[in-house]
There are 2 protein chains.
Amino acid sequence: MPTLSTTPAQDGYTMPGEFEPHTGTWMLWPQRFDTYRMGAVYAQRTWVTVAETIARFEPLTIGVNHDQYRRARKMLPPTVRVLEISSNDAWTRDSGPTFLTNRQGGIRGVHWQFNAWGGFNGGAYFPWDEDLLVAEKILTLAGADRYCAPFILEGGSIHSDGQGTILTTEECLLNPNRNPHLAKEQIEAYLKSYLGAQTVIWLPRGVAFDETSGHVDNFACFARPAEVILAWSDDPNNPNYERVREGLAVLENSRDAQGRPFTVHKLQLPPQLHRTKEEALEIDENEFARDRLADLPLAGSYVNFYLVNGGVILPVFGEATDANAIAVLQGIFPDRQVVAVPGREILLGGGNVHCITQQQPA
Amino acid sequence: MPTLSTTPAQDGYTMPGEFEPHTGTWMLWPQRFDTYRMGAVYAQRTWVTVAETIARFEPLTIGVNHDQYRRARKMLPPTVRVLEISSNDAWTRDSGPTFLTNRQGGIRGVHWQFNAWGGFNGGAYFPWDEDLLVAEKILTLAGADRYCAPFILEGGSIHSDGQGTILTTEECLLNPNRNPHLAKEQIEAYLKSYLGAQTVIWLPRGVAFDETSGHVDNFACFARPAEVILAWSDDPNNPNYERVREGLAVLENSRDAQGRPFTVHKLQLPPQLHRTKEEALEIDENEFARDRLADLPLAGSYVNFYLVNGGVILPVFGEATDANAIAVLQGIFPDRQVVAVPGREILLGGGNVHCITQQQPA
């Protein structure tokens, strides 16, 4: 599809809210032995569960490297479309495009620059050459023209209310391993240009120990315009105790692009989780990927759910806190079916359900 | 897309004539150093010419291995859609699906078995593991349900008049390196079942020295129902002198599925062509592909043209005979634009324009 030389803001294109109707969802297939344990089979089983769950709500395409095509096709149900889309890892939220619409039936996408969450300064793996092409390939398949943004950004670091407001974190977007040459004001101007937005809400930090340097999608999101769901903990010993209060303070003192204050729904975090010794041993460590050591804390969060047409795909962790998360989200989304999926194998790779999906708005 | 357990004949699906309207064309990108000279660059330039020419007439998608995606995208014009579809080589006619319609808007495809034109008994290369998946992947992209045929067949070995008649050759379909366990009657029954046909016309042989064991698409094709274009030579020293007369005799003594005799248009072959010493030297020979030696004869033929919506894409060879081929085809197809493209680099790889394309009927 053509690459455009204008910006979405100039052309009247904006990022819809995830809660708005989708044409479908895009995913990628995990296979890194140096990131996922047991030859990636446990992760693949979880991805299959997520994919087949989403496919009950809307069309789902999963992109796979050629050498795993047979395997993916065999493991996935016929309701899931399997296509070749090469990647270095399976975080479609971050390497994929951000889709935009013009509210008149037009659909386009933003192809962000990407350096695997930090490049040689804290990134997750090397190389990321295939990831660099994922957005272009998905946009070609979707038949959507492409904007190429002139800065590094992962889709997991932004949320849109579809009405001009973007939610993000300073911890990620101002991290020197992303765009050290850009000041906050320049990044904010780019966000407005490339997402067709008027207001950017800067939360200070994301979830503690998040490998993404604090992606907002593990910490806070829009339930609908002017309503934010925020990770929460009332335990002073929880490493997120200060972080969630910082975030709440910003939200309470902000107005969205339409001038509205935010209603904030608190969503209790799971207890602090850690990688077990067994889970660490079962990874084929090498020099191409970040070490995934035993006992290291994991950034588990129920906010990393994904909204589909009529549903909420929620990662759970086998913890007592799971039931509360399901109940709270069912209360926030009375018209959606909340479906819990096992989130631990995704979390071991550094993210969760929201990180491995990407919506194509209707 | 679902794999069906019935046959096209049972479901009322048939193979339209290539001369009928297309939704578009599928191609694959060449890259074998052991088959194409000069690191495949000359072949790639020719494929680009063919692709951009076809794209002037109808939508064109080219599938490419992930390691050549950047190169293909850079060389091809924006009018050509580039997607990842892995292959061992770029003969979409043969590894791709055969599309069928039910004349009521339905489209499906046949996935033939494939052994690289002969497997370990004269095949072109090893392995052909990626080729085995090409048809499934194209049908998925086209949104077409799939029939899996229980025998080996390449699309270049059949032509359909869209009205129940199939044209093929005994030299290829009865070759012991394809389906040695099947008798002619069984193969004919399969052709009828999987192409929704009633009559099979068996020409004895194809063009001499054809690496495909005599694919019909280098030798004879339908201009329209009851009209066949046949390769021809009036030179008794031409190695095809007897072959074309054998073919003509069969056509003159046959009736199509509707009971009509055939009008035969003779299309003079180019002079016998050979691989030059320079062309042979510029290939990186290895044990994985057929030797491509200097001075070996090449199976050049103008019949290996491809019909697109409103056009005829004709391979030419820089020979005095080119002008006659253009004129004859323009006479047979007064409503189509005949566009000549350089065919030699494709011929050096073992086929021509028809072999590297596959139509998706409307």
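Helices (H or I, at least four residues) and strands (E, at least two) are taken here as DSSP runs, numbered from the N terminus. This is a predicted model, in which local features need pLDDT of at least 70 and side-chain atom pairs count only at pLDDT 80 or more, while totals for chains, interfaces and linings use all residues. Residues are numbered from 1 along each chain as its sequence is written, and chains are lettered from A and ligands numbered from 1 in the order in which they are written.

**Contact between the chains**

- Chain A contributes 15 residues that are in contact with 15 residues of chain B; two residues are in contact if their C-beta atoms, placed from the backbone, lie within 7 Å.
- On the side of chain A that touches chain B, β4 (80–84) and α5 (131–142) of chain A each supply at least two residues.
- That side of chain A comprises eight nonpolar, three polar and four charged residues. Ala, Val, Leu, Ile, Met, Phe, Trp, Tyr, Cys and Pro count as nonpolar, Asp, Glu, Lys and Arg as charged, and the others, Gly among them, as polar.

**Helix α5 of chain A**

- α5(A) consists of 12 residues and spans 17 Å from its first C-alpha to its last, close to the 16 Å expected at 1.5 Å a residue. The expected span is 1.5 Å times one less than the number of residues in the helix.
- Of the 12 residues of α5(A), 11 are buried, so the helix is largely enclosed by the rest of the structure. A residue is buried if 20 or more other C-beta atoms lie within 10 Å of its own, exposed if 12 or fewer, and partly exposed in between, with C-beta atoms placed from the backbone.
- The buried residues of α5(A) include Asp131(A), Glu136(A) and Lys137(A), as well as Leu133(A) and Ile138(A).

**Backbone features in loops**

- Most residues other than glycine have a negative phi, and most peptide bonds are trans.
- In chain A, the peptide bond from Phe126(A) to Pro127(A) is cis, with omega near -10°; Pro127(A) is placed in the loop between β6 (107–113) and α5 of chain A.
- In chain B, Phe126(B) and Pro127(B) are joined by a cis peptide bond with omega of about -10°, and Pro127(B) lies in the loop between β6 (107–113) and α5 (131–142) of chain B.
- Arg103(A), a residue other than glycine, has a positive phi near 65°. Arg103(A) is in the loop between β5 (98–101) and β6 of chain A and counts as exposed, because it has 10 C-beta neighbours inside 10 Å.
- Met38(B) is not a glycine, yet its phi is positive at about 55°. Met38(B) belongs to the loop between β2 (22–28) and α2 (41–54) of chain B and is partly exposed, with 15 other C-beta atoms within 10 Å.

**A three-stranded sheet in chain A**

- Three strands of chain A form an open sheet with mixed pairing, in the order β11-β12-β13. Two strands pair if DSSP finds at least two bridges between them.
- The edge strands, β11 (220–224) and β13 (263–268) of chain A, each pair on one side only.
- β11(A) runs antiparallel to strand β12 (residues 227–232) of chain A, and four bridges join them.
- Ala220(A) has Leu230(A) in β12(A) as its bridge partner.
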